[in-house]
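Thanks for coming. I will go through one model this morning, starting with its charged pairs and ending with a helix face. Please have the display open while I talk.

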Amino acid sequence: MYTIQYIGLVIVVGLMIYTYLHYKKKRFELSDLMAWEIFFIILLIIILAPVRISMEIKKILGLGRGLDALFATMIGLSYLILFKLYLDIDRIEREITELTRNFSIRLKEIEDKINEKKIEKN
């Protein structure tokens, strides 16, 4: 095992513990915890056998070198994560818009009722 693999192991195990602690503090849902832990386990497998895995990916994708195949796969996974983030941000933006709209409508109704009562008193 190379030094970079030891460093990678320490970092990934640290991230796994950090993610678990976030879950314990209720900052993550169980589905998020499971998704991240699966991702970290995949990273651990890649760290433990990078050459063998890159050669297998190379054979599957038909690329020239194993490292190129690993980079291509990681770039593809990065785009998938970006797409998921985009979808989550878009959903949150729509929820905030709907919440703001409902709040404004309720506020306007309350203002109208207050104005009606003022008019009735006069």
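Start at K108, which forms a salt bridge with D112, the closest N and O atoms being 3.5 Å apart. Salt bridge here is a side-chain nitrogen of Lys or Arg within 4 Å of a carboxyl oxygen of Asp or Glu. Before going on: this is a predicted model, where local features need pLDDT of at least 70 and side-chain atom pairs count only at pLDDT 80 or more, while totals for chains, interfaces and linings use all residues. Residues are numbered from 1 along each chain as its sequence is written, and side-chain values use heavy atoms, with hydrogens and water left out.

Back to the pair. K108 and D112 are four residues apart in helix α4, so about one helical turn separates them. Helices are DSSP runs of H or I with at least four residues, numbered from the N terminus. An α-helix has 3.6 residues a turn, so residues three or four places apart point the same way. K108 is partly exposed, at a relative accessible area of 46%, and D112 is partly exposed as well, at 33%. The cut-offs are under 20% relative accessible area for buried, over 50% for exposed, and partly exposed in between, with a 1.4 Å probe and protein chains only.

The count comes to seven salt bridges by this rule. Another one joins D90 and R94, at 3.0 Å from N to O. Both of these residues lie in α4, which covers residues 66–121, and they are four residues apart, about one turn of the helix. D90 is partly exposed at 22%, whereas R94 is exposed at 57%. K59 is exposed at 63%; E56 is partly exposed at 39%.

Next, the aromatics. W36, F39 and F40 form one cluster. Rings of Phe, Tyr and Trp (its six-membered ring) pair if their centres lie within 6.5 Å; planes under 30 degrees apart count as stacked, over 60 as edge-to-face and the rest as tilted. By this rule there are three aromatic pairs. The ring centres of F39 and F40 are 5.9 Å apart and their planes stand at 55°, so that pair is tilted. F39 is partly exposed at 26% relative accessibility, while F40 is buried at 5%.

Last, helix α1. It has 22 residues and reaches 32 Å from its first C-alpha to its last, close to the 32 Å expected at 1.5 Å a residue; the expected span is 1.5 Å times one less than the number of residues. Which residues of α1 are buried? They are Q5, G8, L9, V12, M16, T19 and H22. Seen down the axis of α1, these buried residues fall within an arc of 155°, so they line one face of the helix. The arc is taken from the directions from the helix axis to the C-beta atoms. The face turned away from the buried side carries the exposed residues T3, V10, I17, Y18 and K24. The buried residues of α1 pack against α2 (30–48) and α3 (50–61), with contact meaning heavy atoms within 4.5 Å.

Q5 is a case to look at on that buried face. Q5 has 9% relative accessibility, and Q5 touches I47, L48 and P50, not counting residues up to four places away in sequence. Just after α1, K26 takes a positive phi of about 65°.

Terms used. Helix = DSSP H or I, 4+ residues; strand = E, 2+ residues; numbered from the N terminus.
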